Amino acid sequence: MSVPALPFLMRRTALRGAGLSVAAALWSATPRTRASAASAGASAYSLEPAPGTAALLGTGQPHTSVWAYNTRVPGPVLRLRQSEPFRSIVRNGLAEGTTVHWHGIRLPNAMDGVPFLTQKPIAPNGTFTYAFTPPDAGTFWYHPHEHTAAEMGRGMAGALIVEEIEPPAFDRDLLWVLQDWELEPNGSLLPGFDTFMQAAMAGRIGNVVTINGSRRTDVPLRAGERIRLRLVNACLARFMALRFAGHRVVVMALDGQPVTQPFAPAGGRVLIAPAQRVDLLLDTVGDPGSRYQVTDDFYGGRLTYRLTELAYTNQPRLHPRLPAQPPILKPNPVPILDLRAPVRHRLTIVGGMMGGMGGGGSMMGGMGIMADGKPTSTSAIWGIRGPHGMNDGMEPIFTIPVGRTALITLENQTRWWHPMHLHGYSFTVLSRNGVAARYPHLRDTVVLRPNETVTFAFAADNPGNWMFHCHVIEHQATGLMTVIRVA
Ligand code: C2O
Ligand code: CU
Ligand code: CU
């Protein structure tokens with residue numbers, strides 16, 4: 001199999017006037033699955049989850065049996081236009097049910113892709129058509145929400161990029177979809193998604209991290225370019241803290257939403273938890289021919305590893321100098337918060353190994369959410385999966401009246417880190433451990449460290465039953481999830 005030199009480098013010039021088909025073709029090493037354009041809204045982009053194989057370990061290495069969208073891992077990059085209707089017809093080629101969830105997109109509840117909550121799972125050989133108009137430009141992603149640990153863990157995830165109406169001034173748009181795999185040396189996936197021990201601890205953390213579907217020894221770059229690097233953490237459980245040696249990266253957007261004030265990450269470490277996205281400004285300040293390491297030291301010590309190397313080509317600098325000011329990303333039309341009379345609720349994350357459940361003193365168990373001091377349900381606390389999937393019988397934890405602002409205090413009483421995700425909304429993280437954020441960020445997934453308390457708020461303008469859960473998938477699957485109703 002031949003791999004193009006830069007399958008994951010996409011030239012902005014090529015993308016500017018291009019619909020989905022061109023972007024997909026540029027991305028793909030296998031143009032046979034080239035997709036038809038969807039941005040006009042006339043045709044639907046077809047997504048077909050099915051078993052397949054992928055060269056996760058690189059070319060010339062043993063291949064891995066995976067579950068893929070349109071034969072690719074990660075799935076095809078969907079490039080949408082802000083405020084333009086999008087439609088996707090999903091044909092299920094798996095032997096089990098699936099759904100597609102459009103993570104981070106503010107969309108109608110019926111299009112949210114949550115089995116037994118917003119739709120029935122798409123049966124094997126069945127189809128379902130999703131349709132929505134993305135209000136926000138930015139970096140989002142899609143993944144199944146049925147049997148998520150197994151389906152996403154076998155590769156089903158893809159980037160969804162919503163392009164600005166006016167493209168910002170970057171020379172190049174670079175995308176890294178990060179996935180984590182637990183592989184045998186022969187390339188096969190270790191069995192056992194969703195095991196009890198993984199669920200009670202940090203989740204399934206693997207031994208191979210891929211960028212856009214394969215291990216990369218290097219990423220070729222040209223000197224003198226201003227790059228927008230979009231990072232998508234599509235891992236089941238792995239947190240990352242990336243360091244770009246020799247480069248000063250600037251955070252431009254978090255979870256698809258531009259930050260008010262671009263900033264250099266603390267200590268030069270770009271923290272990205274499962275499900276989160278970070279858009280970075282990366283100026284290629286190195287000399288032609290030079291190399292720089294990108295390392296991930298989230299877990300520290302012996303668990304620090306080299307993710308890849310920035311490998312400069314010998315081409316001369318594109319621009320002799322780059323402007324000091326970062327380009328401006330326009331804020332998205334997220335409704336303004338009215339914090340004068342919010343609806344307040346308090347949620348507590350409890351359980352897990354060494355957690356102790358509400359005085360029960362358990363040493364080991366699933367994790368759950370308590371609302372306003374009461375457990376949400378037995379199954380939510382102990383993480384028993386119902387016969388029809390994870391949302392079976394789950395009642396909303398509370399209802400926020402449409403039009404009000406919700407102000408949620410979320411406390412983590414466990415010994416584990418949790419990236420907590422709310423569907424259908426971008427919420428504002430107002431404070432952490434009582435300390436108000438100087439520039440509050442809009443997020444759809446917020447990290448809670450052990451014993452941390454975070455307050456966040458959102459204007460409840462979009463009715464529906466919205467999942468709120470941990471995005472360490474094994475935590476979600478064993479009870480660290482609930483539903484917030486807006487009605
Ligand atoms: Cu990526 Cu329920 O979400
Ligand atoms: Cu989501
Ligand atoms: Cu968790």
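Trainee: Let's start with His421: is this residue buried or exposed?

Mentor: Buried means under 20% relative accessible area. In this predicted model, His421 has a relative accessible area of 0%, so it falls in the buried class.

Trainee: And which metal does His421 hold?

Mentor: A copper ion, ligand 2, is coordinated by His421 through NE2 and by His101, also through NE2, at 1.8 to 1.9 Å. These two histidines link distant parts of the chain: His101 belongs to strand 7 (residues 101-103) and His421 to strand 27, 320 residues apart. His101 counts as buried too, at 1% relative accessibility.

Trainee: Zooming out, how much of the protein chain is buried?

Mentor: Of its 487 residues, 59% are buried. The chain exposes about 18600 Å², and carbon and sulfur atoms supply 54% of that. Its secondary structure comes to 6 helices and 33 strands. If you take the contacts with a separation of 6 or more, 76% of them join residues 24 or more positions apart.

Trainee: How should I read a sheet?

Mentor: Strands of a sheet pair through backbone hydrogen bonds, either parallel or antiparallel. Here, one open sheet has 3 strands in the order 2-6-8, with mixed pairing.

Trainee: Which strands stand at the edges of that sheet?

Mentor: Strand 2 (45-47) and strand 8 (127-132): each has a single partner strand, so one side of each is left without a neighbour in the sheet. From one strand to the next, the twist averages 25°. Strand 6 (residues 86-91) and strand 8 run antiparallel to each other, paired over 6 bridges. To find your place there, look for Val90, which stands opposite Phe128 in strand 8.

Trainee: What about the aromatic rings?

Mentor: A pair of aromatic rings is described by the distance of the centres and the angle of the planes. The count in this structure comes to 17 aromatic pairs. Take Phe239 and Trp417: they are edge-to-face, 5.6 Å centre to centre, with 75° between the planes.

Trainee: Where in the chain do Phe239 and Trp417 lie?

Mentor: Phe239 is in the loop between strand 14 (226-233) and strand 15 (240-244), and Trp417 is in the loop between strand 26 (405-412) and strand 27, so the pair ties together parts that are 178 residues apart in sequence. Phe239 counts as buried at 4% relative accessibility, whereas Trp417 is partly exposed, with a relative accessible area of 28%.

Trainee: What is the geometry of the pair formed by Phe456 and Phe468?

Mentor: That pair is tilted, with 6.0 Å centre to centre and 40° between the planes. Phe456 lies in strand 31 (residues 453-459) and Phe468 in strand 32, so the parts they tie together are 12 residues apart in sequence. Both of these phenylalanines are buried.

Trainee: Which residues form an aromatic cluster?

Mentor: Tyr69, Phe86, Trp102, Phe128, Tyr130, Phe132 and Tyr142 form one.

Methods:
Residues numbered from 1 in each chain as written. Chains lettered and ligands numbered in written order. Predicted model: local features only at pLDDT ≥ 70, side-chain atom pairs only at ≥ 80, totals over all residues. Heavy atoms only, no water. Helix = DSSP H or I, 4+ residues; strand = E, 2+ residues; numbered from the N terminus. Buried < 20%, exposed > 50% of the residue type's maximum accessible area, 1.4 Å probe, protein only. Contact = heavy atoms within 4.5 Å. Areas by Shrake-Rupley, 256 points an atom, 1.4 Å probe, with all protein chains shown as cover. Donors = N, O, S within 2.8 Å, 3.2 Å for Na, K, Ca; no water. Pairing = 2+ DSSP bridges. Axes fitted to C-alpha atoms, helices over the stretch in contact; angles between N-to-C directions. Phe/Tyr/Trp six-rings, centres within 6.5 Å; stacked < 30°, edge-to-face > 60°.
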